[in-house]
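Subject: Structure handover

Hello,

Here is the structure for your files. My notes on it follow below.

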Amino acid sequence: MKTARGRAATRRARLLVPGGGALFQRVFTRLGCDGRPPRFRVEFYPYASLVLTIRRREDAVYVRFSDLLQRAPLAVLEGAAALLLSRVYRRKAPRALVEPYLSYARSDRTRGRISRMRSGRVRLASTGPRGRHFDLEQMFEQLNEKYFAGSLRRPHIGWSVRSWRRQFGCYDPGPNQILLNRRMDHPGVPQVAVEYVLYHEMLHVKHPTRRSGCSLVSHSSEFRAEEKRFAEFERARKILDRLAAAA
Ligand SMILES: [Zn+2]
């Protein structure tokens, strides 16, 4: 769970592919797709594997490349673009155009990077669940009973080793770990605020995303609605806003 400052940083972290729009227009023309090329918005996205996605929305086309392609040569990106465009515009992509991407995807080096990324879902160091003032494991059990009918399986839980500026808490589905910002393990912080942050992260356990890491999670409307079931939602939010401003 992020502070407002943290949310802004995450938005900036979306990485546009340099020259991505022009690249897609080029490939669009090469494939002989019909009509005027649309506006392309192309970004790298932290998928957990070599995924490519494309969506058409009125006059614009949104493309996401796995960020594993960040250091890939231009020919590989062109191949990926050709694959996607041929799918959407029902054009046959010339083999020579697509091949660099396919061989890149098949290469041992790429596979190695994917499996390293997956197995590299290492737990962040924590100081364990029992802080000086709040015991997160005990808190987890109480919240689990109260809001989840005791149905959530307990993940690894701990306090961050250092204070964070941009997050109150985080759940990383890879290692299945909830961490709370140790800054909140403080007598000046009302327990309800800590409970609320833990509750928020527990909702991520309940609604897992496939992505690893905890910097780019999204919240569905369902998630947001469930979040408001927290008994002292408004009060907790206000406390957190104050804490964030004081950071
Ligand atoms: Zn969240």
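Buried here means under 20% relative accessible area, exposed means over 50%, and partly exposed is in between, using a 1.4 Å probe and protein chains only. By that cut-off, buried residues make up 46% of the 247 residues in the protein.

Some conventions first. This is a predicted model, in which local features need pLDDT of at least 70 and side-chain atom pairs count only at pLDDT 80 or more, while totals for chains, interfaces and linings use all residues. Residues are numbered from 1 along each chain as its sequence is written, and side-chain values use heavy atoms, with hydrogens and water left out.

The protein has 9 helices and 7 strands; these are DSSP runs numbered from the N terminus, with helices being H or I of at least four residues and strands E of at least two. Among contacts (heavy atoms within 4.5 Å) between residues at least 6 apart in sequence, 59% join residues at least 24 apart.

Zinc site

The zinc ion has three histidines as protein donors: H200, H204 and H219, each through NE2, at 2.0 to 2.1 Å. Donors are N, O and S atoms within 2.8 Å of the metal (3.2 Å for Na, K and Ca); water is not among the atoms, so sites may look incomplete. The sequence spacing of the donor residues is H-x3-H-x14-H. H204 sits in helix 7 (residues 191-206) and H219 in the loop between helix 7 and helix 8 (221-227), so this pair ties together parts 15 residues apart in sequence. H204 is buried, at 6% relative accessible area, whereas H219 is partly exposed at 28%.

Nonpolar cores

A nonpolar core is a set of buried Ala, Val, Leu, Ile, Met, Phe, Trp, Tyr and Cys residues joined through side-chain atoms within 4.5 Å. The largest one has 35 residues, of which L180, M184, V194, L198 and L240 touch the most other members. Two or more residues each come from helix 6 (136-148), strand 5 (156-159), strand 7 (177-180), helix 7 and helix 9 (233-246). Helix 7 gives the largest share, 10 residues. Leaving aside residues up to four places away in sequence, V194 touches F134, L136, M139, W159, L180, M184 and V189. A second, separate core of 33 residues includes L23, F40, L52 and L85.

Helix packing

Helix 7 packs on helix 9 at about 100°, with the axes 9 Å apart. Axes are lines fitted to C-alpha atoms, for helices over the stretch in contact, and angles run from 0 to 180 degrees between N-to-C directions. Helix 7 is thus roughly perpendicular to helix 9, a label for angles of 65 to 115 degrees (under 35 is roughly parallel, over 145 roughly antiparallel, the rest oblique). V192, A193, Y196 and V197 in helix 7 meet F233, R235, A236, R237, I239 and L240 in helix 9.

The axes of helix 3 (residues 74-89) and helix 4 (residues 95-106) come within 7 Å and cross at roughly 110°, so these two are also roughly perpendicular. Helix 3 contributes A75, V76, E78, G79, A80, A82 and L83 to the contact, and helix 4 contributes L97, V98, P100, Y101, L102 and Y104.

A80 of helix 3 is buried, at 0% relative accessible area. Its C-alpha is 6.7 Å from that of V98, 18 residues away in sequence. Not counting residues up to four places away in sequence, A80 touches L52, F65 and Y101.

Regards
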